[in-house]
Amino acid sequence: MGRIIAIANQKGGVGKTTTAINLSACLAESGKKVLTIDTDPQGNTTSGLGVDKDELKNTVYELMLDECTIKESLVKTEFENLDLIPSNVNLAGAEIELLGINEKEYILKNAVDYIKDDYDFVIIDCPPSLNMLTVNALTTANTVLVPIQCEYYALEGLSQLLHTISLVKERLNENLQIEGVVFTMYDARTNLSLQVVENVKNNLDTTIYKTIIPRSVRLAEAPSHGLPINKYDSRSTGAESYRMLAKEVIDRKDL
Ligand code: ADP
Ligand code: MG
């Protein structure tokens with residue numbers, strides 16, 4: 001059976017979506033069958049994988065409201081081995097529409113159960129808050145990968161996230177594990193990035209991925225072309241680092 005990884009951190013702008021897109025694409029490039037699920041109403045993972053978010057009949061929103069089946073919500077991306085359940089701004093209303101619905105924490109999980117055996121990895125991009133969509137992602141996942149931006153306030157909010165993860169584990173998904181932490185937007189020219197990495201290593205008792213994602217203009221540009229970094233600029237440092245991260249993720253024997 002494959003692994004379902006939620007990429008979560010309630011802070012915005014830390015590299016969740018960039019990691020969801022490029023980790024998915026690099027896992028797919030190495031021959032793994034991958035499904036990426038966009039649970040952020042901003043739909044940046046959807047557009048970053050070359051799918052027009054305004055031209056969609058079914059998205060994760062219709063799926064969660066039981067207006068389509070999971071198979072109907074699947075989109076084949078133009079990249080080999082890589083499927084997507086897309087999202088767009090409609091999803092912003094889901095939280096309210098799900099009020100009063102029974103077992104609403106399990107909606108995504110119950111849907112993904114139908115198709116998870118078709119994939120080696122399911123990568124779920126979470127919105128920048130600890131809301132019902134994030135809870136659905138954490139309930140569906142086997143593990144949580146936490147991107148940490150190499151900046152001064154890196155650790156802020158992390159204890160709240162870890163607390164949320166432990167509550168979900170206690171009450172909704174007893175097998176949930178922490179996949180680990182991945183540092184993003186590392187700037188080798190500053191001492192600050194290095195200090196942040198050292199500080200997190202000294203203060204967090206979780207797996208820390210050896211691969212550190214550098215700050216790179218190419219990584220920031222790629223989504224506007226609807227391409228993951230390995231297709232946009234295959235030789236760039238950004239592409240090389242997400243390939244290394246994918247290899248580390250694949251090689252984990254403990255999960
Ligand atoms: P989140 O999903 O956590 O909100 P994003 O992945 O959308 O974060 O990243 C926030 C912004 O930073 C985006 O504009 C993105 O293109 C940019 N970005 C993310 N990772 C990098 C990186 N390694 N180098 C340069 N820019 C990055
Ligand atoms: Mg995002």
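By class, how many nonpolar, polar and charged residues does the shell around ligand 1 have? In this predicted model, the shell has six nonpolar, eight polar and two charged residues. Altogether 16 residues surround ligand 1, and the closest are Lys 16, Thr 17, Thr 18, Leu 219 and Ala 220. If you look for the helices that take part, you will find that helix H1 (16–29) and helix H10 (217–221) each supply at least two residues of this shell, and that H1 gives the most, with three residues.

From the ligand we can turn to the sheet. Seven strands form an open sheet in the order S3-S4-S2-S5-S1-S6-S7, and their pairing is mixed. The edge strands are strand S3 (75–76) and strand S7 (177–184), each of which pairs on one side only. Within this order, strand S2 (residues 34–38) and strand S4 (residues 82–85) run parallel and are joined by four bridges, and Leu 35 stands opposite Asp 83 in S4. Strand S1 (residues 3–7) pairs with S6 in the parallel sense over three bridges, with Ala 6 standing opposite Val 144 in S6. S6 also pairs with S7, again in the parallel sense, over seven bridges, and here Pro 147 stands opposite Val 182 in S7.

Is strand S6 largely enclosed or open? Six of the seven residues of strand S6 (residues 143–149) are buried, so this strand is largely enclosed by the rest of the structure. Helix H7 (residues 132–140) is mostly covered as well, since nine of its nine residues are buried; among them are Met 132, Val 135, Ala 137 and Leu 138. What covers the buried residues of H7 includes the strands S1, S6 and S5 (121–125), together with the helices H5, H6 and H8 (158–171).

In soluble globular proteins, nonpolar side chains tend to be buried together. In this model the largest nonpolar core has 68 residues, and those with the most contacts inside it are Ala 6, Ile 124 and Leu 138. H1 gives the most to this core, with seven residues, and H1 is also the helix that gives the most to the shell around ligand 1. Which residues does Ala 6 touch, if we leave aside its neighbours within four places in sequence? Ala 6 is in contact with Ile 124, Cys 126, Ala 137, Leu 138, Ala 141 and Val 144, and Val 144 is the residue that Ala 6 stands opposite in S6.

Part of what has been described can be set beside a record. The UniProt annotation "domain: AAA", which comes from an unreviewed entry, covers residues 3–178. Over residues 3–178 the chain is 35% helix and 17% strand, and the end C-alpha atoms are 12 Å apart.

Let us now follow some loops. Leu 99 is placed in the loop between helix H5 (94–97) and helix H6 (107–112), and Leu 99 counts as exposed because it has 8 C-beta neighbours inside 10 Å, where 12 or fewer make a residue exposed. The C-alpha atoms of Leu 99 and Met 132 are separated by 9.9 Å, although the two residues are 33 residues apart along the chain; Met 132 itself is one of the buried residues of H7.

Two further loop residues deserve a look at their backbone angles. Asp 66, in the loop between helix H3 (60–64) and helix H4 (70–73), has a positive phi of about 65 degrees although it is not a glycine, and Asp 66 is exposed, with 10 other C-beta atoms within 10 Å. Asn 81, in the loop between S3 and S4, has a positive phi of about 70 degrees and is not a glycine either, but Asn 81 counts as partly exposed because it has 19 C-beta neighbours inside 10 Å, and a residue is buried at 20 or more.

Finally, where is Ser 236 found? Ser 236 is in the loop between helix H11 (229–232) and helix H12 (237–251), and with 19 C-beta neighbours inside 10 Å it counts as partly exposed. Not counting residues up to four places away in sequence, Ser 236 touches Ser 216, Arg 218 and Ile 229. The C-alpha atoms of Ser 236 and Leu 219, 17 residues apart along the chain, are separated by 8.8 Å, and Leu 219 brings us back to the ligand, being one of the closest residues around ligand 1.

Note on methods. Residues are numbered from 1 along each chain as its sequence is written. Chains are lettered from A and ligands numbered from 1 in the order in which they are written. This is a predicted model: local features need pLDDT of at least 70, side-chain atom pairs count only at pLDDT 80 or more; totals for chains, interfaces and linings use all residues. A residue is near a molecule or strand if its C-beta atom, placed from the backbone, lies within 6 Å of it. Ala, Val, Leu, Ile, Met, Phe, Trp, Tyr, Cys and Pro count as nonpolar, Asp, Glu, Lys and Arg as charged, and the others, Gly among them, as polar. A nonpolar core is a set of buried Ala, Val, Leu, Ile, Met, Phe, Trp, Tyr and Cys residues joined through C-beta atoms within 7 Å. Two residues are in contact if their C-beta atoms, placed from the backbone, lie within 7 Å. UniProt positions are given in the numbering used here, feature names are shortened, and annotations may be inferred rather than shown by experiment. Two strands pair if DSSP finds at least two bridges between them.
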